[in-house]
Amino acid sequence: MIARLRDYLLVIAILGGLWQLSAAWLNDPLLPTPYQVLAAFWSELDQGALLHHLLVTLRRVAIAFLFAMLLGVLLGWYMGRYRQANRWLDPLLVLFLNLPALVLIILLYVWMGLVESAAVLAVILNKVPNVAVAIREGARSLDPQLEQMAQAYNFDLRRRVLDLWLPQLFPYLMGAMRSGLALIWKIVLVVELLGRSDGIGFQLHQAFQIFDVAAILAYSFSFILVVQLIEWALLQPLERRARRWQTQEEPRHA
Amino acid sequence: MLELRLESKAYGRRVLGPLELGIEPGQRLALVGPSGCGKTTLLNILSGLDTDFIGTRVLQRQDLLIAYMFQEPRLLPWRTVAQNLVLAGTPEEAVGTALEEVGLDDVAHLYPRQLSLGMARRVALARALAIKPDLLLLDEPLVSLDPQTAAQLRLLLKKLLAERPWLSMVLVSHDPLDAEALADSCLYLGGEKGRVLLPSEEKTASAG
């Protein structure tokens, strides 16, 4: 754990050093030094702007994430378990998978107006197909032998969900959550840039108009930091807990 | 107790049936035959898991409890031994006794991957018996064990069955010796083109 943290900090220090050197060498306002970015970060934080926009974006990410996971899991499960459903829904899934995020965002803004619900809905619709594809794969790979066992011992729905299906779907859920978080916050930024007047995407838009690269980087890094914290504080402990049965001491008997 | 009239059942390219089978309380029946003759298929039909056949399966009591011990232990790998038993319907306070009965102690907190196959079979047996079934279905309970472990488990099965004279049992085995040791009647499946030969031998028909 300590060694991992040390390596992590070391990599960041090396990248920071390289950046500092090249920025100092180029001496161009379009490539600020890490120090200038940090200064921009502090000043934005000091004014309260950063925290406000960060929380606004985080709220959108959270809502979109929740609904995208929920709908995606249900859809993927349904398609993975029922062949007929898959046959009907698959063309739709392929369509949404390949529809550029930008097109969905623009269409929803055009149809619904520049409102919050359009913004969040656009993000959800962008993410649902990815989650559905991952979960469909998981639903198809469920162990039929354990399924039979559960039937023979009359597992009720609760036990089937919690003790039979969820543990088998867990790796797929984890994958969907990881890629989901990363994808969703990027799309949220685009949505904010195009049609919202708050959030990090909006701030980036402002900074872009005056070529304030330091602010752009300060805002981006602050959100990367948040995603990293979510990974450390939420996803990794969850994963460790769920994988306990695999990491117990080695078999006692050959 | 349970009556099965099987007209025919297609599995893969093979066909099972026609055959008639009645299981009475306390009866111990062995299904013997070469691999691929439909023994497990017949067991699945008897258990009610497989309903895709032509014929009728009648339970005399609706609350008839059937426990199925599969050929593979089929324990949930992400749950401990104790949790596996409880999930299958064992009352929590009965877990310890159920495991002791099959000769296991100090395994309740282990995960299935920490068990040997012989131990996992015993856990599966404990799970089957702990729900206090009227009918116990055993699918090759002694297969792929080393001779010593198999002998031990055979003795244990014999003892546990002797302690429960009311319990009916249907055993699937490719080994006539196991059938002889554990059952008192025998049904030979197999023969030409997967056709089923009707009971060709009734060993000591002592079952009531």
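Leu171(B) touches Ala30(B), Leu31(B), Leu138(B), Ala179(B), Leu182(B) and Ala183(B), leaving aside residues up to four places away in sequence. The model is a predicted one. Leu171(B) is also among the residues with the most contacts inside the largest nonpolar core. Strand E8 of chain B covers residues 168-173 and runs parallel to strand E4.

**The nonpolar core**

- The largest nonpolar core has 115 residues.
- Val123(A), Ile184(A), Leu137(B) and Leu171(B) have the most contacts inside this core.
- Helix H8 of chain A, residues 157-195, gives the most to the core, with 14 residues.
- Domain 1 and domain 2 of chain B both give residues to the core, so it lies between them.
- In soluble globular proteins, nonpolar side chains tend to be buried together.

**The parallel sheet of chain B**

- Five strands of chain B form an open sheet with parallel pairing.
- Their order is E6-E7-E8-E4-E9.
- Strand E6 (66-69) and strand E9 (185-188) stand at the edges.
- Each edge strand has a single partner strand, so one side of each is left without a neighbour in the sheet.
- From one strand to the next, the twist averages 15°.
- Strand E4, residues 28-32, is joined to strand E8 of chain B by five bridges.
- Across this pairing, Leu31(B) stands opposite Val172(B).

**The antiparallel strands of chain B**

- Strand E1, residues 2-11, pairs with strand E3, residues 19-23, in the antiparallel sense over five bridges.
- Leu4(B) stands opposite Leu21(B) in E3(B).
- E1(B) also runs antiparallel to strand E5, residues 54-59, with six bridges between them.
- Gly55(B) in E5(B) is the bridge partner of Leu6(B).
- Three bridges join E1(B) to strand E2, residues 14-16, again in the antiparallel sense.
- Ala10(B) stands opposite Val15(B) in E2(B).
- The hairpin of E1(B) and E2(B) has two residues between the strands.
- Gly12(B), in that hairpin, takes a positive phi near 60°.

**Domains of chain B**

- Chain B is divided into domain 1 (1-65 + 133-208) and domain 2 (73-132).
- The centres of the two domains, taken over C-alpha atoms, are 23 Å apart.
- Their contact takes 10 residues from domain 1 and 10 residues from domain 2.
- On the domain 1 side, helix H5 (residues 147-162) of chain B gives the most, with four residues.
- By class, that side of domain 1 has eight nonpolar, two polar and no charged residues.

**Helix H1 of chain B**

- Eight of the nine residues of helix H1 (residues 39-47) are buried, so the helix is largely enclosed by the rest of the structure.
- The buried residues are Lys39(B), Thr41(B), Leu42(B), Leu43(B), Asn44(B), Ile45(B), Leu46(B) and Ser47(B).
- Just after H1(B), Gly48(B) takes a positive phi of about 95°.

**Chain A**

- Chain A has 11 helices and zero strands.
- The C-alpha trace of chain A spans about 70 × 55 × 30 Å along its principal axes.
- Of the 254 residues in chain A, 31% are buried.
- Among contacts in chain A with a separation of 6 or more, 74% join residues 24 or more positions apart.

**The contact between the chains**

- The contact takes 19 residues from chain B and 19 residues from chain A.
- The side of chain B that touches chain A has 11 nonpolar, four polar and four charged residues.

- Phe211(A) has a positive phi of about 50° although it is not a glycine.
- Phe211(A) lies in the loop between helix H9 (200-209) and helix H10 (213-242) of chain A.
- Phe211(A) counts as exposed because it has 10 C-beta neighbours inside 10 Å, and the limit for an exposed residue is 12 or fewer.
- Lys132(B) is another residue other than glycine with a positive phi, near 50°.
- Lys132(B) is found in the loop between helix H4 (117-130) and strand E7 (135-139) of chain B.
- With 13 C-beta neighbours inside 10 Å, Lys132(B) counts as partly exposed.

How values were computed
Residues numbered from 1 in each chain as written. Chains lettered and ligands numbered in written order. Predicted model: local features only at pLDDT ≥ 70, side-chain atom pairs only at ≥ 80, totals over all residues. Contact = placed C-beta atoms within 7 Å. Nonpolar A, V, L, I, M, F, W, Y, C, P; charged D, E, K, R; others polar. Core = buried A, V, L, I, M, F, W, Y, C linked by C-beta atoms within 7 Å. Buried ≥ 20, exposed ≤ 12 C-beta atoms within 10 Å, placed from the backbone. Domains from an automatic or database assignment. Pairing = 2+ DSSP bridges. Axes fitted to C-alpha atoms, helices over the stretch in contact; angles between N-to-C directions.
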